[in-house]
Amino acid sequence: MINRGNYRSAIFATEGARQSFLKCLDDAATKSGWIVHAWCLMSNHYHLAIETPRANLVDGMRWLQATFATKFNRLRKENGHLFQGRYKSFVVQSEEALGPLCHYIHLNPVRAHVIQVKELRTWRDTSLRELLHPRERRAWYSPQASLDHAGGLRDTPVGRRKYLQYLEWLDEEEPERKRLKFDEMSRGWAIGTKAFKKTLNEDHGELQEAVRRGDKDLDEWREEQHADTLAALLKCLKKTATDIAADPKGTAWKVAIAAEMKRRTTVSNPWLSRHLNMGSPFRVSRLVNASDEAGGETAGLRKRCAMCKV
């Protein structure tokens with residue numbers, strides 16, 4: 001994924017903006033169950049290499065960009081579109097192209113002449129920092145694709161040091177960058193072999209036909225995912241549909257479940273208000289936000305929900 005600031009404006013010019021985006025990415029990846037293989041923030045755009053086991057890229061990216069834009073505009077006391085439009089996404093062939101894509105993202109500030117390749121070790125605005133420092137890694141970040149493609153390197157001090165050396169070598173080897181198709185990483189619609197793109201094109205045709213027919217499989221699947229998560233959390237707290245109907249709209253256990261579902265998924269406030277009988281969507285939002293700093297019974301119930309396996 002790649003997107004730029006509206007009119008190519010600098011949106012990551014300050015440390016506060018960069019940290020705010022990474023916090024939103026943290027929340028989005030946690031909610032959506034994403035695996036993030038690489039990321040990079042430049043002054044006016046970002047790169048992300050994301051794996052979506054739950055097939056929820058659109059929902060997750062919508063949440064990520066909208067949430068960050070709201071925070072950014074509130075901080076700057078501005079209005080209007082922050083990004084130039086919908087993000088640009090590419091389908092990536094994992095076996096052939098994911099590793100090279102990670103290298104491309106990690107070398108982005110070097111190619112843009114923002115830093116020298118020797119400065120990559122200390123540059124904080126790419127996932128390379130987390131690859132090199134395991135203790136700083138977020139739960140959703142995986143360095144495996146980068147290490148595997150760079151020669152089957154192990155996630156050890158030696159392997160991580162060799163990966164940095166590999167990037168330094170790759171920066172100097174233009175023929176190798178051409179072989180890895182660096183010049184195609186931000187163009188087109190898919191990254192991979194010709195056979196891979198041909199298969200995708202055939203599948204895409206079937207998908208377009210399904211859209212024309214009005215198939216609702218994706219919506220139904222999303223609804224089932226939310227319903228399964230809710231059922232598991234209700235079971236965890238030993239609550240039933242009867243309790244949903246009978247207990248007060250703002251009772252602590254409902255707030256705890258709503259907060260946990262918003263942490264784990266991209267579920268909407270209207271969905272929660274309907275399925276938990278919590279009143280208006282605005283009320284749901286207000287109660288969940290207040291619960292972040294609440295103690296007592298609500299805090300205890302949220303901890304129980306967080307430990308629940310879905």
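Contact here means heavy atoms within 4.5 Å, and axes are lines fitted to C-alpha atoms (for helices over the stretch in contact), with angles from 0 to 180 degrees between N-to-C directions. The model is predicted: local features need pLDDT of at least 70, side-chain atom pairs count only at pLDDT 80 or more, and totals for chains, interfaces and linings use all residues. Residues are numbered from 1 along each chain as its sequence is written, and side-chain values use heavy atoms, leaving out hydrogens and water.

**Exercise 1.** Work out in what order the strands of the open sheet stand.

*Solution.* Start with the elements: helices (H or I, at least four residues) and strands (E, at least two) are DSSP runs, numbered from the N terminus. Two strands pair if DSSP finds at least two bridges between them. Next, β1 and β3 (residues 45-51) share 3 bridges in the antiparallel sense, and Arg4 faces His45 of β3. The order of the 3 strands is β1-β3-β2, with antiparallel pairing. Since β1 (2-4) and β2 (35-41) each have a single partner strand, one side of each lacks a neighbour in the sheet.

**Exercise 2.** Find how helices α1 and α3 run relative to β2.

*Solution.* Take α1 (residues 15-32) to begin: it lies across β2 and β3, at about 165° to β2. Then turn to α3 (residues 94-106), which lies across β2 and β3 and runs at about 25° to β2.

**Exercise 3.** Check the span of helix α12 (residues 252-264).

*Solution.* The expected span is 1.5 Å times one less than the number of residues. For the 13 residues of α12 that gives 18 Å, and the end C-alpha atoms are 18 Å apart, which agrees.
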